[in-house]
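This briefing goes through selected packing and pairing features of one structure, grouped by topic. Please read it with the sequence and the coordinates open side by side.

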Amino acid sequence: MDEARPTSGSQAHGLVPLFPPGLQAIYGECRRLYPDQANPLQVTAIVKYWLGGPDPLDYISMYRNVGCPSQDIQEHWHYVSFGLSDLYGDNRVHEFTGTGGPSEVGETAPPTWPAELMQGLSRYVFQSENTFCSGDHVSWHSPLDNSESRIQHMLLTEDPQMQPVQTPFGTVSFLQIVGVCTEELQAAQQWNGQGILELMRGVRIAGGPWLITDMRRGETIFDIDPHLQQERVDQGIEAEGSNLSGVSAKCVWDDLSRPPEDEEDSRSICIASQPRRLSDKDTEQIRETLRKGLEFNTKPALPPISGPRQNHDRPQSRKDSLESESSSAIVPHELVRTRQLESVHLKFNQESGTLLSLCLRGRLLHGRHFTFKSINGDTAITFVSSGVEGAFATEEHPYAAHGPWLQILLTEEFVEQMLSDIQELNTHEESKLPKEYSWPEKKLKISVLPDSVFDNPLQ
């Protein structure tokens, strides 16, 4: 173990204990669960993140878990990370308390790929300044152990064995990483992560009660029981809709209200054009929408785009330092005013296009909203239903833009029509592109294009 750095005023003589209190609290919970494994196998960051190293997790301990024969739970390895929560309390890494991250993997010997995976996820957390919540999904698009496995994505849930612990710096809870197949991830997107995890708990080879990841698993829960599992998912979507309210996507939108040759005060935002910048308030609203999509948010409201932000309901974090209330004053007036558009053209890649049904069926038909945030700039497309509060698109003016952020308000009748027209996108299979969908009476056009259009915008 490394000795903690001195910090003034925290202890007598200005020194912290040799064993940092945040670390001690997590180790205490591990000792409760594994009293006979005082010195588990451990992966350690040689150069700590707070000293310039690449890995945010200081330690990852690997415990042998005997399982539970009475519940038909097999022996497996249990990985527990240290570093997503505040271990030291001196702001060397954290300005807020996050969560610990255990992962349960069934193997005969402790492989290192789970530790590498957990470090990768932690780098995402530190770089994006987002946090994980129970029920979140992670689209990984690659076998988690770099093999030929079908387990290529992740869902997150509360660890069934480890209890939340109190540290001097706040409460630490433990999230479990659960490996899932593509079909299971897609079902979680269409419905919600917790619903799919509950189905997996009832299937031993899919994880069982403790949701143990077995990279050798070759069948999805839908392969094992196609009719019953799909019926439960469909019923869940029908009754509850989707909890996902936003995704990062390859997307762009064009304003067709004016001729493209009208360069002065052009309303078109094209792939090849210089991307405009969202104001800080709009950026915060998009982030808040995406953040809530990763939580169990059911309130059909967007944060207001004007007036001071209310941060009382979420913890203070480093993210707040990036956003200044006064910074919106330097944004040109024409970029912050809301513009009503007559006709729009939406463009998505195939992966984003397959989520349109989720957006329409799982969100808008339940009175909610859904945002596609471009990964190639500040462009954002938010679909809203008539019941969403705080939207600047209205039934009278259903297409409205605030800089590069477009909002589209769709009536329930039009949503039903669109779902029928884009039904072929629900197959999640590679299909011939481009695909065009047009509703002239609504002055709306949607194109599903190859990735190359978005990856090489100047071609």
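In this predicted model, helix H3 (residues 182–190) packs against helix H4 (residues 193–201) with the axes 7 Å apart and at an angle of about 135°. On the H3 side of the contact stand Glu184, Ala187 and Ala188, which meet Gly193, Ile196 and Met200 in H4.

**The four-stranded open sheet**

- Four strands, in the order E11-E13-E19-E18, make up an open sheet whose pairing is mixed.
- At the edges of this sheet lie strand E11 (251–255) and strand E18 (435–439), each of which pairs on one side only, and the twist from one strand to the next averages 15°.
- Strand E11 runs antiparallel to strand E13 (residues 344–349), to which five bridges join it; within this pairing, aspartate 254 stands opposite histidine 345 in E13.
- Helix H11 (residues 412–421) lies across E18 and strand E19 (444–449), and its direction is at about 155° to that of E18.

- Strand E17 (residues 405–409) is mostly covered, with five of its five residues buried.
- Strand E15 (residues 380–384) runs parallel to E17 and is joined to it by five bridges, and here isoleucine 381 has leucine 406 as its bridge partner.
- Strand E16 (residues 399–402) runs antiparallel to E17, with four bridges between them, and alanine 400 stands opposite glutamine 407.
- The hairpin of E16 and E17 has two residues between the strands, and glycine 403 takes a positive phi near 65° there.

**Aromatic pairs**

- Eight aromatic pairs are found in the structure, and one of them is the edge-to-face pair of phenylalanine 372 and phenylalanine 383, whose ring centres are 6.1 Å apart with 80° between the planes.
- This pair links distant parts of the chain, as phenylalanine 372 belongs to strand E14 (residues 369–374) and phenylalanine 383, eleven residues apart from it, to strand E15.
- With a relative accessible area of 0%, phenylalanine 372 is under the 20% cut-off and therefore counts as buried; phenylalanine 383, at 1%, is buried as well.
- Phenylalanine 414 and tryptophan 439 form another pair, with ring centres 5.9 Å apart and planes at 80°, so that this pair, too, is edge-to-face.
- Because phenylalanine 414 lies in helix H11 and tryptophan 439 in strand E18, their pair ties together parts that are 25 residues apart in sequence.
- Both phenylalanine 414 and tryptophan 439 are buried.

**Cluster and charge over a ring**

- One aromatic cluster is formed by Phe348, Phe370, Phe372 and Phe383, and it thus includes both members of the edge-to-face pair of phenylalanine 372 and phenylalanine 383.
- Which residue lies over the face of phenylalanine 414? That residue is lysine 442, at 5.3 Å from the ring centre.

Terms used:
Residues numbered from 1 in each chain as written. Predicted model: local features only at pLDDT ≥ 70, side-chain atom pairs only at ≥ 80, totals over all residues. Heavy atoms only, no water. Pairing = 2+ DSSP bridges. Axes fitted to C-alpha atoms, helices over the stretch in contact; angles between N-to-C directions. Contact = heavy atoms within 4.5 Å. Buried < 20%, exposed > 50% of the residue type's maximum accessible area, 1.4 Å probe, protein only. Phe/Tyr/Trp six-rings, centres within 6.5 Å; stacked < 30°, edge-to-face > 60°. Lys NZ or Arg CZ within 6 Å of the ring centre and 35° of its normal.
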